[in-house]
Amino acid sequence: MLPQNIDVNLEALPKMDFSIKRLGRPTLKSPLRNAIFVDDDERICYCADAERNRQFLKEHNAMPSFLAAGPRRQIFHDPSWTRVGIVTCGGLCPGLNDVIKGLVNTLWYIYGVDNIFGIKYGYMGLNPAYKLSPLELNPDVVDDIHSEGGSILGSSRGEQPTDEIVKTIDRLNINILFTIGGDGTQRGAHAIAEECMKHHVDCSVVGIPKTIDNDLNFMDKTFGFETAVQAAANILSCAHNEAKGAFNGLGLVRLMGRDSGFIAAYASLANSVANFCLIPEVPIGLEGPGGLLEALELRMARKQHALMVAAEGAGQELLEGERQIDKSGNVLHSDIGVFLKDRIKKHFASKNLDISIKYFDPSYEIRSLPANANDSIFCLHLAQHAVHAAMAGMTDLVVGNWQGYFTYVPITLATSARRKVDPVGQLWQSVLLTTRQSKFMDGQCGEGSKATETQK
């Protein structure tokens, strides 16, 4: 079961605007044949709880819902006159090339759009100051890019002048812009969409959400996450083997997860060899009874090895120093992995106890991987639904996935807050049951305890 958004106030939901903006009324017949068309009155409920929906209907005469994604019978943009820009922004993520290929093939083969341009190095490629020429894209160019990680367009972080971007869009006669990126990218896309409408530039701005941390709001998952969990789970096996190969061996693995611990949590479940999982949503107590250091001592006394998984944003409350901001406006966290390695080594030395720490930080290796099969399929679906929305003249939206359905989500909703692991939700409770770290932190596994540990 995928976790729900814990940052969304259900009482405020009826006041939220789920409507999708349009450039105008679509008047052209879709070129699609034998397609299952979606009507604009088809909605996907936010809440799966029937009683909650009855309450919404009773109190507000409406249920919060998303516009269903899919092809429309009438389109806005004439394919023969359509010019498309595709941009990838932010950090690398498995599936970027899959999305690019999906967009190009859907535009070219399904809608007959043959003017498609890849914008190089993120929004920098739309700023004339960098003198970056677009890359012409067609099915031959993208034929096998899905087998490679990264992005054939390159990427960058940071804002560029919105007015200059819109001038470039207008000058290139681009009337559809696909923005592939996380919350910073999509906030930029929202600004571009608003600036286009302000200056009467008919350009559909449609986002494909990319965040390997799976922390974008109002959607169950984002592409690249499943590949990241699969790769991380394999690395946990390596760390576990290293830990077991030494007396009092500790495998310490730092995984992605700046503000949300989904990758660390899911990897710990996918490969149930972890003894401690640390995430940003749950504060870490280091010292004293019930603290992490004493818990690790207890674990070593019983098993002589341990595996600890830490999301990059975990335990920031323990670290001193002024926080820096990156070009995307994200807080640059201090390295919790290096901190824990040094602090654990110092603690065991003070007790005259042996410990052999094997430290793993596979972040860049995971980010640059090609997508696995399930992620590739998901990327294709996202790309297809993005093209359907854009050709119908919709704008200022991202494609989402909710309760098993593809949806269209206003960018302002999707970027309103970061999605986080619920510390009292099913996911985290499952992690605690699997790692059994609570037993060590509660002192239940000390000498003389009747509590039993399996051989992991």
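Which residues does Phe 178 touch, not counting residues up to four places away in sequence? The legends below describe close-up views of a predicted model, and the first view gives the answer.

**View 1. Surroundings of Phe 178 in the predicted model.** Phe 178 touches Val 84, Gly 85, Ile 86, Val 87, Leu 103, Leu 107, Val 206, Ile 208, Ala 386, Val 387 and Ala 390, with residues up to four places away in sequence not counted.

**View 2. The largest nonpolar core.** This core has 74 residues. Those with the most contacts inside it are Phe 178, Ile 86, Leu 103 and Phe 223. Helix 10 supplies the largest share of the core, nine residues. Another core, of 35 residues, lies apart from it and includes Val 87, Ile 169, Ile 174 and Val 201. In soluble globular proteins, nonpolar side chains tend to be buried together.

**View 3. Packing of helix 2 against helix 10.** Helix 2 covers residues 96-110 and helix 10 covers residues 373-391. The two pack at an angle of about 45°, and their axes are 8 Å apart. Helix 2 is therefore oblique to helix 10. The crossing of helix 2 past helix 10 is right-handed. On helix 2, the contact is made by Asp 98, Val 99, Gly 102, Leu 103, Thr 106 and Leu 107. On helix 10, it is made by Ser 376, Cys 379, Leu 380, Ala 383, Gln 384, Ala 386, Val 387 and Met 391. Nine residues of this contact are nonpolar, four are polar and one is charged.

**View 4. Thr 415 in the loop between helix 11 and helix 12.** Helix 11 spans 411-414 and helix 12 spans 426-435. Thr 415 has a relative accessible area of 15%, so the residue counts as buried, the cut-off being under 20%. Thr 415 is in contact with Asp 183, Gln 186 and Arg 187, leaving aside its neighbours within four places in sequence.

**View 5. Tyr 121, a residue other than glycine with a positive phi.** Phi of Tyr 121 is near 55°. Tyr 121 sits in the loop that runs between strand 7 (116-119) and strand 8 (135-137). Because its relative accessible area is 42%, Tyr 121 is classed as partly exposed.

**View 6. Gln 304, a residue other than glycine with a positive phi.** For Gln 304, phi is near 65°. Gln 304 is placed in the loop between helix 7 (292-303) and strand 13 (305-311). With a relative accessible area of 32%, Gln 304 is partly exposed.

Technical notes
Residues are numbered from 1 along each chain as its sequence is written. This is a predicted model: local features need pLDDT of at least 70, side-chain atom pairs count only at pLDDT 80 or more; totals for chains, interfaces and linings use all residues. Side-chain values use heavy atoms; hydrogens and water are left out. Axes are lines fitted to C-alpha atoms, for helices over the stretch in contact, and angles run from 0 to 180 degrees between N-to-C directions. Helices (H or I, at least four residues) and strands (E, at least two) are DSSP runs, numbered from the N terminus. Angles under 35 degrees count as roughly parallel, over 145 as roughly antiparallel, 65 to 115 as roughly perpendicular and the rest as oblique. A crossing is left-handed if the near helix is turned anticlockwise from the far one by less than a right angle, and right-handed if clockwise. Contact means heavy atoms within 4.5 Å. Ala, Val, Leu, Ile, Met, Phe, Trp, Tyr, Cys and Pro count as nonpolar, Asp, Glu, Lys and Arg as charged, and the others, Gly among them, as polar. A nonpolar core is a set of buried Ala, Val, Leu, Ile, Met, Phe, Trp, Tyr and Cys residues joined through side-chain atoms within 4.5 Å. Buried means under 20% relative accessible area, exposed over 50%, partly exposed in between (1.4 Å probe, protein chains only).
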